[in-house]
Amino acid sequence: MKDKNCIFCKIANGDIPVEPVWENDKVFAFKDANPQAPVHVLVVPKEHYASIKELDDKELMGELLNGVKLTAQKLGLSDYRTILNTGESAGQTVFHIHFHIMAGRDFTWPPG
Ligand code: 5GP
Ligand code: ZN
């Protein structure tokens, strides 16, 4: 299912043009519009799920993580931070599940 009001549905399905980084039939990776690191890419399913809480398809869960791995591999990254924000107080602002891949600088732990 797509959500016609969802910005990441529009991006993942080509309705809003962005610079693609990696994709297959189920997963799309593209550059974050407001990068917080020299490399900042988002990895989303082409189908709409608001967050991990709504996603029960284990195969798609695996596809997403594989998308993270293959995107990082395509970018030639050795070290990178992967983030999955779930819910407003965890920092989620776009309610279409997405992994962040960030790289190109040092990261601190714990994150803010
Ligand atoms: P969240 O805060 O939900 O974990 O992450 C949402 C991310 O989506 C933010 O890093 C924000 O910069 C990015 N973002 C929001 N709207 C757009 C957009 O229209 N295009 C792109 N490329 N990134 C977006
Ligand atoms: Zn969506």
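Colleague: How many salt bridges does the count come to?

Modeller: Keep in mind that this is a predicted model. The rule wants a side-chain nitrogen of Lys or Arg within 4 Å of a carboxyl oxygen of Asp or Glu. By that rule, the count comes to 3 salt bridges.

Colleague: Which residue does K46 form a salt bridge with?

Modeller: K46 sits in the loop between β3 (39-45) and α2, and its partner is in strand β1, so the pair ties together parts that are 23 residues apart in sequence. The closest N and O atoms are 2.7 Å apart, and the partner is E23.

Colleague: Is K46 buried or exposed?

Modeller: The cut-off for buried is under 20% relative accessible area. K46 comes in at 14%, so the lysine counts as buried.

Colleague: What is the N to O distance for D25 and K26?

Modeller: D25 counts as exposed at 61% relative accessibility, while K26 is partly exposed with a relative accessible area of 32%. Their side chains meet in a salt bridge, and the N to O distance is 3.8 Å.

Colleague: Switching to the rings, how many aromatic pairs does the structure hold?

Modeller: Ring centres have to lie within 6.5 Å to pair. Ring pairs link F8, F28 and F30 into a cluster. The number of aromatic pairs is 2.

Colleague: Are the rings of F8 and F30 stacked or edge-to-face?

Modeller: This pair links distant parts of the chain, with F8 in helix α1 (residues 7-12) and F30 in strand β2 (residues 27-31), 22 residues apart. The ring centres are 5.4 Å apart, and planes over 60 degrees apart count as edge-to-face. Theirs are at 80°, so the pair is edge-to-face.

Colleague: What about F28 and F30, stacked or edge-to-face?

Modeller: Here the ring centres are 5.7 Å apart. Planes under 30 degrees apart count as stacked. With the planes at 25°, the F28 and F30 pair is stacked.

Colleague: What is the relative accessible area of F30?

Modeller: Both F28 and F30 are buried. F8 is buried as well, with a relative accessible area of 7%. For F30, the value is 2%.

Colleague: Last one: which peptide bond is cis?

Modeller: Go to the segment after β5 (99-103), where P110 is found. The omega there is near 0°, and the cis bond is the one from W109 to P110.

Technical notes: Residues numbered from 1 in each chain as written. Chains lettered and ligands numbered in written order. Predicted model: local features only at pLDDT ≥ 70, side-chain atom pairs only at ≥ 80, totals over all residues. Heavy atoms only, no water. Phe/Tyr/Trp six-rings, centres within 6.5 Å; stacked < 30°, edge-to-face > 60°. Helix = DSSP H or I, 4+ residues; strand = E, 2+ residues; numbered from the N terminus. Buried < 20%, exposed > 50% of the residue type's maximum accessible area, 1.4 Å probe, protein only.
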